[in-house]
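I opened my notebook to go through this structure step by step. My plan is to look up one thing at a time and write down what I find.

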Amino acid sequence: MEFTVVDPLVEDYLRRLDAAAYPLGDDRRGELMAGIREHIEAAVESGEVHDEVSLRALLDRLGDPEEIVAAARDDGSGATPYPLGAPAAVTYRRAGIGLEITAALFLTVGSVLLVVGWLVGVVLVWSSRRWTVGEKLIATLVFPGGPAAALVLAGIGAGVTSCGSSSVLDANGDVVDVQSSCVSSGWSLPPWLGLTLFVAWVIVPILVAGVLVMRARRRADAEPLVPVTVSPRGTTRWGGLEIAAVLLLSVGSFVAPVVGPVAGLVCAWLSDQWTRTEKWIATAIGSLVLVVPIVAVVGLLSFRSL
Amino acid sequence: MEPGEAQNPLTQLRRGVIEYCVLALLTAEELYGFDLVKRLGESEGLVTSEGTIYPLLSRMRRAGWVTTTWRESESGPPRRYYAITRSGQHALDGFTTEWRRFRDSVDAVLGTGEGHGVHRG
């Protein structure tokens, strides 16, 4: 940025605002900070701010941090007529990123569903409004087929190498010799190429998924808070979505292995009744349900190939 | 707030009407924060500290008068656009009627003895 020299001015301003806004609470402070930061960035982008003088003018016009926070604290003080104020039964929480997390899960873990899981992930990625087109392209191109496709390819390479051993016994039944032989059909990669492919196809997608989810989180934090209707007794309500989530996560894997629990996870994260902690608990349980059959199948296959 | 605190007699008035000015700007088109603040700034004396618009927008959103959506921008990160809701439109309509009546009354009283032509003075 061309006016990096005067950046400390912005930093100082934002720091003062952040300190002044502390009494507002995390959510409203975050929203205020994001708004002001966006304003300064937009002023730079528009060319209005191009040197220290214009930057100082901009910060002057924004006003004293204390004054801005005072305006935020005016809520309900009577200074502003507020006939349509928020009803008391509504509280606010920060915007969730269920869609983005689900997308990342489908692109990585979900790719065990082979083409279908990955495709669902791609559709979810493109329906998110928290990622730029560039990020969406990266998400799509970095995961062709997803990590599972790499594992499957590796499986084809390794699976056709079968080893066997036979013992040669003498007349007394004692082992005198063990002959082992390995028959390798199909193809195999040189180790360095295999490792590179593994990193590119398995590790990189997972890292990219993590970074994209974190970016989505940051952007969601800058978004307006989401109203949450609190039921009179303050208890968690059970709607169709929540019941579906529990059913899919528990018995879903009997009906549709892998697909059932994944759908259950999607339902759980789409719920606006459950808290974040509850959703993570559901995710942990769901992952177990998801992983157990996979481990079982892999175990069974490797047992049979012995 | 103590009556003596309002040094500028227009401070309180400004505070009361600015959110309706925001709503009025949003009836024409959806705007993002920076644009909205610039538009308000084009009318003299409407906004003193531009930064105070952001808490106001946040409050209006929580009251359900405006909604926000993220949109891609050609350069830089996505931007948050504000749009007026039906409830916001309703509030604006109510205010507009009230304001005309109020303005005419004030003008009439202030204009006593000065004849005509003091509207929007």
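Predicted model: local features only at pLDDT ≥ 70, side-chain atom pairs only at ≥ 80, totals over all residues.

**Entry 1: the end of a helix.**

**Entry 2: helix α3 of chain A.** Next I stepped back into the helix itself, residues 52-62 of chain A. Which residues of α3 in chain A are buried? I found S54(A), L55(A), L58(A), L59(A) and L62(A). Looking down the axis of α3(A), I saw these buried residues fall within an arc of 140°, so they line one face of the helix. On the face turned away from the buried side, I noted the exposed residues V53(A) and D60(A). What do the buried residues of α3(A) pack against? The partners are α1 (7-20), α2 (26-45) and α4 (65-73), in chain A as well.

Entry 3: I checked α10 of chain A, residues 240-250. Here E242(A), A245(A) and L249(A) are buried. They fall within an arc of 60° seen down the axis of α10(A), so they line one face of the helix.

**Entry 4: chain A as a whole.** I counted up the elements: chain A has 13 helices and 4 strands. Of its 306 residues, 36% are buried. I also looked at contacts in chain A between residues at least 6 apart in sequence. Of these, 63% join residues at least 24 apart.

**Entry 5: salt bridges inside chain A.** Over all chains, the count is 20 salt bridges.

I looked at R15(A) and D12(A), whose closest N and O atoms are 3.7 Å apart in a salt bridge. Both lie in helix α1 of chain A, 3 residues apart, about one turn of the helix. Is R15(A) buried or exposed? R15(A) is exposed, at 54% relative accessible area. D12(A) is partly exposed, at 32%. These two also belong to a network of salt bridges with R16(A) and D64(A).

Then I looked at R219(A) and E135(A), which meet in a salt bridge at 2.8 Å, N to O. This pair links distant parts of the chain, 84 residues apart. R219(A) sits in helix α9 (residues 191-221), and E135(A) in helix α7 (residues 133-142). Buried means under 20% relative accessible area. R219(A) has 14%, so I wrote it down as buried. E135(A) has 6%, so I wrote that one down as buried too.

I found 5 salt bridges between chain B and chain A. One of them joins R61(B) to E31(A), with the closest N and O atoms 3.1 Å apart. It runs from helix α3 of chain B to helix α2 of chain A. Both residues, R61(B) and E31(A), are buried. Another joins E48(A) to K38(B) at 3.3 Å, N to O.

I also noted 9 residue pairs in polar contact between the chains.

Note on methods:
Residues numbered from 1 in each chain as written. Chains lettered and ligands numbered in written order. Heavy atoms only, no water. Salt bridge = Lys/Arg side-chain N within 4 Å of Asp/Glu carboxyl O. Polar contact = N/O pair within 3.5 Å; in protein donor to acceptor, adjacent residues only side chain to side chain. Buried < 20%, exposed > 50% of the residue type's maximum accessible area, 1.4 Å probe, protein only. Helix = DSSP H or I, 4+ residues; strand = E, 2+ residues; numbered from the N terminus. Arc of directions from axis to C-beta. Contact = heavy atoms within 4.5 Å.
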